[in-house]
Amino acid sequence: MDRVKKAEELFLQGYNCSQAVFGAFADRYDFTQKQAMQLTSTLGAGVSSRREVCGAVLGMSLVCGMEAGNWEPVTEKKAAAYEANRKLLDEFQEEFGSIVCRELLNLRKGQTGQAPSERTPEYYAKRPCLRLVRYAASLLERCYPDKEGFQEEYDLAAKEVAAEMLLRGVPMDSIAVCTRLPYEVLKELKSQLPF
């Protein structure tokens, strides 16, 4: 599935930036489209038109949380999840100069939107939002590819990341969360590393 295209289609249908990005990946986590849209409905336009963190970035962060997030209150797991998301945020910021909606739209500090804007050709022409949605979805697609068709490439990259993490002393359960590799694979990999 081309998730970048799906995110673009959702945005062009009128969904907000966060809905478009998260919605393009929601089926991976067994969310219905309705659940995905409701979950992210208030995050568009920099969180409910406050022009704070870009909604595309928030949608990207939610997907990252589903891929690399912790579900237990363990410091190492939180740190691994934060690090995974920081990498995405850094790449986004490097590309666009900011992750803040107001700055991405060149608005003055304190300038917020009122009601959502109607989607017209002029809307799309004057805002970078579609480009931001595409980029956020493409980062996610690159970092967390669909398993179908990418399995061998993904497993190889995941093993390289896991080996580096093992050498740095990262706990195996954190590595399993980040790489989605089974414990058996991690144990075998650990036995092959020079310690």
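Author: Gladly; what follows is a set of questions and answers on a predicted model.

Reader: Let us start inside. What makes the largest nonpolar core a core, and which residues have the most contacts inside it?

Author: A nonpolar core is a set of buried residues of nonpolar types joined through side-chain atoms within 4.5 Å. The largest such set here has 41 residues. Those with the most contacts inside it are Phe11, Ala56, Met60, Phe92, Val133 and Leu140. At least two residues each come from H1 (3-12), H2 (17-25), H3 (33-40), H5 (55-68), H6 (75-96), H7 (101-104) and H9 (129-143). H9 gives the most, with 9 residues.

Reader: What does Phe92 contact, leaving aside its neighbours within four places in sequence?

Author: Contact means heavy atoms within 4.5 Å. By that test Phe92 meets Cys54, Val57 and Met60, then Gly97, Ser98, Ile99 and Leu104, and also Leu132, Tyr135, Ala136 and Leu139. Another core lies apart from the largest one; this other core has 14 residues, among them Ala80, Ala163, Leu166 and Leu193.

Reader: How do you know that the buried residues of H3 are on the same side of the helix?

Author: The buried residues of H3 are Ala36, Met37 and Thr40. They cover an arc of only 95 degrees around the axis, so they are on the same side of H3. The cover over these buried residues includes H1, H2, H4 and H5. On the face turned away from the buried side, H3 carries the exposed residues Lys34 and Gln38.

Reader: Why is H11 called mostly covered?

Author: The count for H11, residues 172-179, is 7 buried residues out of 8. They are Met172, Ser174, Ile175, Ala176, Val177, Cys178 and Thr179. Arg180 follows H11 and has a positive phi, near 60 degrees.

Reader: Arg3 is a residue I would like to check. Why is Arg3 called buried?

Author: Buried means under 20% relative accessible area. Arg3 has 4%, so Arg3 is buried. Its place is in helix H1. Not counting residues up to four places away in sequence, Arg3 touches Ala24, Phe25, Asp27, Arg28, Ala137, Glu141 and Asp146.

Reader: Now to the loop between H4 and H5, where Ser48 is found. What makes the phi of Ser48 worth a remark?

Author: Most residues other than glycine have a negative phi. The phi of Ser48 is near 55 degrees, a positive value in a residue other than glycine. Ser49 lies in the loop between H4 and H5, and Ser49 has a positive phi of about 65 degrees although it is not a glycine.

Reader: Which of the labels buried, partly exposed or exposed belongs to Ser48, and which to Ser49?

Author: The cut-offs are under 20% for buried and over 50% for exposed, with partly exposed in between. Ser48 has 45% relative accessibility, so Ser48 counts as partly exposed. Ser49 has a relative accessible area of 10%, so Ser49 is buried.

Reader: Why is Ser117 called partly exposed?

Author: Ser117 is placed in the loop between H7 and H8 (121-126). Its relative accessible area is 37%, so Ser117 is partly exposed. Leaving aside neighbours within four places in sequence, Ser117 is in contact with Tyr123 and Arg127. Ser117 and Ala45 are 72 residues apart along the chain, and their C-alpha atoms are separated by 9.8 Å.

Conventions:
Residues are numbered from 1 along each chain as its sequence is written. This is a predicted model: local features need pLDDT of at least 70, side-chain atom pairs count only at pLDDT 80 or more; totals for chains, interfaces and linings use all residues. Side-chain values use heavy atoms; hydrogens and water are left out. Buried means under 20% relative accessible area, exposed over 50%, partly exposed in between (1.4 Å probe, protein chains only). Helices (H or I, at least four residues) and strands (E, at least two) are DSSP runs, numbered from the N terminus. The arc is that of the directions from the helix axis to the C-beta atoms.
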